[in-house]
Amino acid sequence: MTAKPEISVLLVDDEESYREALARRLSRRGLNVAQEADGEAALARLGAEAPDVVLLDVKMPGLDGLEVLRRIKKARPLTEVILLTGHAHLETSITGLERGAFDYLLKPVPLEELVEKIHDAWEKKSVQERKIRAVQADGVKP
Amino acid sequence: MAGLLEKLKGLLGREQEPVVEQAGLAEEFKARYLSFRQLLAANNKALELMSELEAAAGGGRVFGMSFLRSRITALGVSVFQMTDLLGRLGPGKYPALAPRLKQIQSQLETIAAPAEAGGGDELVLPLAAIDQRRAEEAGAKMANLGEMMNRLGLKVPPGFVITAAAWRLLLGGGGLEQEISRRQQAADLENAAELFTLSSQLRQLIVDTPIPPELSQTLAKAYAELAAEAGGQVRVSLRSSALGEDSAEASFAGQYSTQLNVHPEFLEQTYKEVAASFYSPQAMHYRLVRGLRDDQLAMAVGCLAMVGGVSGGVAYTVSPLDPADRRVQLTAAWGLPRVVVDGEAVGDHFVISREEPLRVVSRTVENKQSELVCHDDDGICRLELTGERATQPCLSQEQALEVARAALKLEEYYGGPQDVEWAYDRQQRLVMLQCRPLRPAEAKAAAPAPQGEPGSPEPLIHGGVTASPGAGAGPVHWVRRDSDALTFAPGAVLALPRPAPRWAALVGKAAAVVSSRGGAAGHLATVCREYGVPALFGLGPELEALEQGHEVTVDAGARAVYAGRLDELLQRQGKRPAFMNGSPVHQLLSRSLELISPLTLLDPDSNEFQPDNARTLHDITRFCHEKSVKEMFSFGKEHHFPQRSSKQLFYKVPMQWWVLNLDDGFTQEIKGKYVKLEEIACLPMLAVWEGMVAIPWAGPPAAGGRGLASVLFEATANPSLTTGVKTRYAQRNYFMVARHFMNLQSRFGFHFCAVEALAGERRRENYISFSFKGGAADAARRLGRVRFIGGIMEDQGFRVESTEDNLNARLERNEQETTLEALKAVGYLLMHTRQLDIIMDNPRAVALYQDKIRADLELVRSGQAPGQKAAQPS
């Protein structure tokens, strides 16, 4: 694996104490973490920024996590989204994956595992980006 | 520009085969390898979840609905990811896969879906309107009480039931139900500290929830009617009456709360407290170990006019300790019967023969220290007993017979032994408070008291009352307050000042329970009998002499506690009942597993190996794994991409082995036809290779008496020696490699074998999977070999499964170093076991080679075998 990539993560969860604590712990692991408390705010931020990975709670007041996911993938198809939820629900999880989520994790997720998942999602995004660049390079050749 | 966009679309979409050129092709290959790795990771996760579920079904652990839901959801996610990723590796090639998976998933969902709430929607039902048919609304306890009143003409307190519909209304508002399920998912209920914390949070949530106005009005109206009927501002008792409580299958004794003598001002608040006891630690633990589904249960609460009793107690229609003893047992106390129910007092004891005319055959009168009575305003209080009443029996002969007669009437009506709570009111009228089926302890051979035997130790304590028979040993753990419960370790002897029902959550984990006070009639005693945990109560102040942490053996049947562990005594005990078997949660798991774990897509070479024939999630994972490996093999070839085609391995001479580099498996880009061993950077492959060449075959001479290696490589190179082979790919021996990953497919002669391994820095993701099939020998010898290799793999720490002549072995979650060591052992076995058919019908030779292989493996794993230095790449 490449040495120490600077990975930007956006954490979206309405439960403040959980979100704050997780953001702190992820920052300690060298991740560049921003946070939002709901879907609208997250989408507004995504208008201006392009984080590598979004950690998205599924059950939130206001915009539902699955709807936020749909809009993120529409606006920023390369951004990877990991759904993080306290509710084990098979149908929701499959809908999430069908809408392009990278993974669907059930809380509580051990920190180690979550960090690895974020790295995996980032790796997928970078590979995808390199591929597009390479195709562009091939494409503009005479 | 339009062309470029098309290409981008092709890349991002999944249906179209991307048309890319050289640089793009290299990146595309990298992206494919990433997808492949993710698919393998999902495969491993799925297999782990399946084996976790199978272990749970096998009785290896206690689990609840939240365990099942979370595992089945996680499994669904992993399997879906596999099909999705396979779709990327072979776009458009497997159209039947996703629909088939959807079908299986939706069948699973139907099984695991939350239960539909039964019963009506009335929030309150008067007791006069209730019988067994309304148990779905009123709960079993109140349905029984209604039955006693309306069908048997027994006297019960007037009152009403706040129904299951009211409970659902209370929880449904404000998403409380979802919040509760979310918190439960995150908790490990087998851990006492977590259980107690979660229980307290959940009860607080419920108590803090405002009562919906509709319910509040209905309650007020029902209370006003009760007060009018009873004449004045009555106090009430609020009694839990959970759905599923007190059924014959599950006793729930004392799991829930009862509040006595409640002032109407506190009616709503107390209702919530009693309802919240649905989440008491003992109730949560009980449901967990009994495999009961929270979503199929609900909490109704009985609201009954308070009976300010003179005396009261419990009646068992047979002995709870010995079902063969059919005499009625009464335990009675002055004041409210609670002291008996809570196991606080031993109480006066009456034994009554059931044959007409009924008569009291024995009576034990206790020196009673206190009684519980109703406080004038609200609640109950304790009064010291002095003078004559302390030593007087609290029931007359006639009263004892009257209670026994009523209890027997209930037994006859319900068709089985009953456990009945009753009281005498101030007018000396017998009032029935509740009844439920009695579950006597299973008859066990009474262990003879060892003190009679020569040389047996003196008990530390002798006496008390057998509350549940049997014997158990462990370190003493005193529980006097909640904080003591948090540190209770499984296997300890639970020592209590008094057997309060709230400690029921610990009983299932205890080796035995001892208590200073209490008798056989309390709730905790019932719970002990149901769990099959030996219990000895009423040991008196002597019990205080037991020191925390000291190991003791409790022989509850012989009413003795010994210092240390008396194994001989313990061996006479039978096994505890298997709790989960047949429970709703266990049944649900079994039905789910039918759609999860059997593997029916067995043979990838057969025409049946199709998504449409997949019956289980395991089939889907098997299909995806098999096809993903094929897709990875064929890509370089299909795209005329020589750098990513396989290279022939060169080790001294060209070998009949081909190596396909997936990513970083070579030390450098290889242009030509051959790759040298020293150009291999794949750690797992090097480990396997090291194991293969470590020790020469020393068994019976191979054909022609030449060295084994030459025969091996020749045989695999000669297509005429292999049979049943259809594709070119299958005729060769392949390694697919990356630095930390290897997939090996090989036909050694007639044996097909595959090894896949990941040995990287993430311990959690490391694994080795080894599978082995077929052979030219007859079936008996093939099976013999599978057993033989399976045994050796197990010695090496692998988890082995075999069906017919298929062997699958897995080793997971080890450090990189350990994984590579085990791969050396795999390499050795690949080379040496293929010759085993020759010796399989000779048991002596088998034993001999077993010993030799074990000794060899030790050498190989530690890198000490003669061939290992030579095999090291420079």
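This briefing covers the chains, sheets and aromatic contacts of a predicted model. Local features need pLDDT of at least 70, side-chain atom pairs count only at pLDDT 80 or more, and totals for chains, interfaces and linings use all residues, while side-chain values use heavy atoms, with hydrogens and water left out. Residues are numbered from 1 along each chain as its sequence is written, with chains lettered from A and ligands numbered from 1 in the order in which they are written.

**Chain A**

- Chain A holds 5 helices and 5 strands. Helices (H or I, at least four residues) and strands (E, at least two) are DSSP runs, numbered from the N terminus.
- Along the sequence, the pattern of chain A reads β-α-β-α-β-α-β-α-β-α.
- Chain A has 142 residues, and 58% of them count as buried. Buried means under 20% relative accessible area, exposed over 50%, and partly exposed in between (1.4 Å probe, protein chains only).
- Take the contacts in chain A between residues at least 6 apart in sequence: 63% join residues at least 24 apart. A contact means heavy atoms within 4.5 Å.
- Accessible areas come from the Shrake-Rupley method with a 1.4 Å probe; for residues, only the protein chains shown count as cover.

**Chain B overall**

- Chain B has 27 helices and 30 strands.
- Of its 874 residues, 57% count as buried in chain B.
- For contacts in chain B between residues at least 6 apart in sequence, 66% join residues at least 24 apart.
- Chain B exposes about 35,600 Å², and carbon and sulfur atoms supply 51% of that area.

**Six-strand sheet in chain B**

- An open sheet of 6 strands runs in the order E9-E8-E7-E6-E12-E13 (chain B), with antiparallel pairing. Two strands pair if DSSP finds at least two bridges between them.
- Strand E9 (359–364) and strand E13 (430–437) of chain B stand at the edges with a single partner strand each, so one side of each has no neighbour in the sheet.
- Neighbouring strands of this sheet are turned by 20° against each other on average, direction ignored. Axes are lines fitted to C-alpha atoms, for helices over the stretch in contact, and angles run from 0 to 180 degrees between N-to-C directions.
- Strand E6 (residues 311–316) and strand E7 (residues 328–334) of chain B run antiparallel and are joined by 6 bridges. Ala315(B) has Leu330(B) in E7(B) as its bridge partner.
- Helix H14 (residues 397–414) of chain B packs on the sheet. H14 touches E6, E7, strand E8 (348–353), E9, strand E12 (418–424) and E13 of chain B, and its direction makes about 140° with that of E12(B).

**Five-strand sheet in chain B**

- 5 strands form an open sheet in the order E1-E2-E5-E3-E4 (chain B); the pairing is antiparallel.
- Strand E1 (124–126) and strand E4 (258–262) of chain B are the edge strands, each pairing on one side only.
- On average, neighbouring strands of this sheet are turned by 20° against each other, direction ignored.
- 3 bridges pair E1(B) with strand E2 (residues 159–162) of chain B in the antiparallel sense. Pro126(B) stands opposite Phe160(B) in E2(B).
- Helix H5 (residues 135–150) of chain B lies across E1, E2, strand E3 (236–242), E4 and strand E5 (299–305) of chain B, at about 120° to E3(B).
- Helix H9 (residues 213–230) of chain B also packs on the sheet, touching E1, E2, E3 and E5 of chain B, and its direction makes about 165° with that of E2(B).

**Aromatic rings and charges**

- Rings of Phe, Tyr and Trp (its six-membered ring) pair if their centres lie within 6.5 Å; planes under 30 degrees apart count as stacked, over 60 as edge-to-face and the rest as tilted. By this rule there are 16 aromatic pairs over all chains.
- Tyr286(B) and Tyr531(B) pair edge-to-face, at 6.2 Å centre to centre and 70° between the planes. Tyr286(B) sits in helix H11 (residues 281–290) and Tyr531(B) in helix H17 (residues 523–531) of chain B, 245 residues apart. Both Tyr286(B) and Tyr531(B) are buried.
- Trp657(B) and Phe735(B) are stacked, at 5.1 Å centre to centre and 25° between the planes. Trp657(B) lies in strand E23 (residues 653–661) and Phe735(B) in strand E25 (residues 733–737) of chain B, so the pair ties together parts 78 residues apart in sequence.
- Trp657(B) is buried at a relative accessible area of 0%, and Phe735(B) is buried at 0% too.
- Trp167(B), Tyr256(B), Phe278(B) and Tyr279(B) are linked into a cluster by ring pairs.
- Arg389(B) lies over the face of Trp334(B), 4.4 Å from the ring centre. A charge sits over a ring if NZ of Lys or CZ of Arg is within 6 Å of the ring centre and within 35 degrees of the ring normal.
- Arg480(B) places its charged end over the ring of Trp478(B), 4.3 Å from its centre.
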